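I set out to record how the two chains meet and how they are related.

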Number of protein chains: 2
Amino acid sequence: MKTRIITAVVALIFFIPFVVYGGIPFELLSILLATIALYEVLVMTKQRIFSMNGIITLLLMWLVVVPDRYLDFLDTLHITEMEVIFILMALLLANTVFSRNKFHFDQVGICMVAAFYTGFGFHYLALTREAGLMYVLFALFIVWSTDTGAYFIGKAIGKHKLAPNVSPNKTVEGFIGGIVCALVIAGGFYYFAELPGNIAFVLALLVFLSIFGQLGDLVESALKRFYGVKDSGKILPGHGGILDRFDSLLFVLPLLHILQII
Amino acid sequence: MKTRIITAVVALIFFIPFVVYGGIPFELLSILLATIALYEVLVMTKQRIFSMNGIITLLLMWLVVVPDRYLDFLDTLHITEMEVIFILMALLLANTVFSRNKFHFDQVGICMVAAFYTGFGFHYLALTREAGLMYVLFALFIVWSTDTGAYFIGKAIGKHKLAPNVSPNKTVEGFIGGIVCALVIAGGFYYFAELPGNIAFVLALLVFLSIFGQLGDLVESALKRFYGVKDSGKILPGHGGILDRFDSLLFVLPLLHILQII
C-alpha cells in the first residue's frame, strides 16, 4: 500500500504540470505514454520490439497518435493517412515472406491492433487537452470515481461475479456502484465546472461513459489474462504499467469526441 | 487444364463487360469481390462469419473498400473515417470480454488485418477504373505478364529456390523472368496505350511493380501455408479463390496510386 501511494504521488507530481500547461509538452507526453503502452502490448504479445516489425508497428502507432496537424506534410506529398496505413501494413505482410515463417499473418494482426489500440486513446488524450483542461479533468473524474465506487461498493456488498473469465474479482454490484459513484462525483464536477448540456443528457452521458470506462478496464484484463500476465508493465510500482492506468481512458476519451461532447 | 481454361473463359466473359463499362456497376463488383476475398480470409483463419465479430469485420472492410464519396455522410455526422475504425475496433475488443474467452486479442488483430488487406486492394481497383480503363489494363498486363514469365522461365531454367518456406516451386530465375516479361509485354502496352511518362521512369516503374506483384503473390502463399490451406477458396474451379487470382493486384493497384502514377 505504501508503494502504491508513493507511486501515485510521484506520478501526479510529474503528470499534473503537463496537464495544466497543455500545448506541445502535453502532446509530446501523450506520444511518450502511447509509446510505453505500445511497448507493453508488444512485450505481452511476445513481439520483438527491436525488429523490423516492432519499428513498423511503432511508426503505425505514431501515425495514429500524433495530432492531425503533424500529418499536414502528407498533403504536400499527395498521400493520405489511409495510404500510409496501407504501406505500413504491406511492409508487415511482406515480412511474413522475408522472415522465413517466423512472422505470420496473425502477428501482422496483433501488431496492427496493438498500434491502433494504444494510438487512438492517447491521440484523444492530447485532443481533449487542446479542447480545454476541464474536459481532461472531467474524463479523469469519470474514470477515478467509477474505479473507486466499483472497488468499495464491490468490496462491501459484491456477490454476483461480473466477468469471472476475465477479471474474477469484479462484481455486478461493484459495476453498478461504479456508475452511481461516477454520477455523484463526476456529475458534481460537471455541474461546478459549468460544462454545457442539460441534466438529463449529462446523466445519460455519465452512465454511458462509466460503463465504457469499465469496459475498457475489462478489455485490458482480457488481454492480460489471454497472454498470462498480471500487469501490463512495471513502470509504476504498485500500479503496474501505463496501460494498466490508462485502460479506461483509452475507451472514454475517444467516445467523448465521437459523441461530439468535445 | 480443361477446367482451368473453361473457368478462365467464363470469368473473363463475366468480368470484361464490367471493366469496360466502369462506373457504379464496376464499383459494386469490386465491393463484391472484396467481400468474397474477406470471406475467404475469415474461413482460412477459422473466424466465424455469421457472428458479431464476422459482421463487424465486414463493416470495417466495407468502410475501407468503398469509394470515398460513399462516406460523405460521415461528414454530416461530424465523424471521421478513423473514428469509425476506432468504434469498430472497440466493438471487436469489447467482444473479447463478452465472448467469455472464446474470442481473443490476437483474433481482433486477425479480423482487422483481414479487413484492411482485402479492403485496400479492391478500393484501388475501383479507383483505378475511375481514372481510366487503360490503367486497369496496364495493371492487369503487369500482373499477367509477370506471372506468365515467372512460370515459363522458372520451368525452363529455374534452379535456385526463391522462398522455399513459403512457395517451394518458385525460383530466382522465374522471379527475374517475370520482371523481364513484364518489361517487354506491359512496357509494350504502356507505349502503345500512350500513357504518360518517359522511358527510364516507366522501365523503373515496371521493375518495381513486377517485384511487388510477385511479393503480393508470396504474401498470400505465406498466409495460406501458415493456415494449412492450398487454395483461398473454390469459387473459380482450377484457379482457386478470388484472393488467389487477385493477390498480386492487391499490392500493385494501391502502389500505382501511392506512386502518383494515377
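I looked up the contact first (heavy atoms within 4.5 Å): 49 residues from chain A and 49 residues from chain B take part. I note that this is a predicted model, in which local features need pLDDT of at least 70, side-chain atom pairs count only at pLDDT 80 or more, and totals for chains, interfaces and linings use all residues. Residues are numbered from 1 along each chain as its sequence is written, chains are lettered from A and ligands numbered from 1 in the order written, and side-chain values use heavy atoms, without hydrogens and water.

I next took the buried area, the accessible area (1.4 Å probe) lost on putting two parts together, summed over both. Between chain A and chain B this is about 4400 Å², 80% of it from carbon and sulfur atoms. On the side of chain A, Met82(A), Phe86(A) and Phe105(A) lose the most area to chain B, together 18% of what that side buries.

I counted zero salt bridges between the chains (a side-chain nitrogen of Lys or Arg within 4 Å of a carboxyl oxygen of Asp or Glu).

I then asked how the copies are related. A rotation of 180° with 0.0 Å of shift along its axis superposes chain A on chain B, with RMSD 0.0 Å (least squares on C-alpha atoms of residues with pLDDT of at least 70 in both). That is the relation of a two-fold axis. Of the residues of chain A, Gly109(A) comes closest to the rotation axis, at 1.9 Å (C-alpha).

Last, I found Asp247(B) in helix α10 (residues 242–258) of chain B (helices are DSSP runs of H or I, at least four residues, numbered from the N terminus).

Notes. Helix = DSSP H or I, 4+ residues; strand = E, 2+ residues; numbered from the N terminus.
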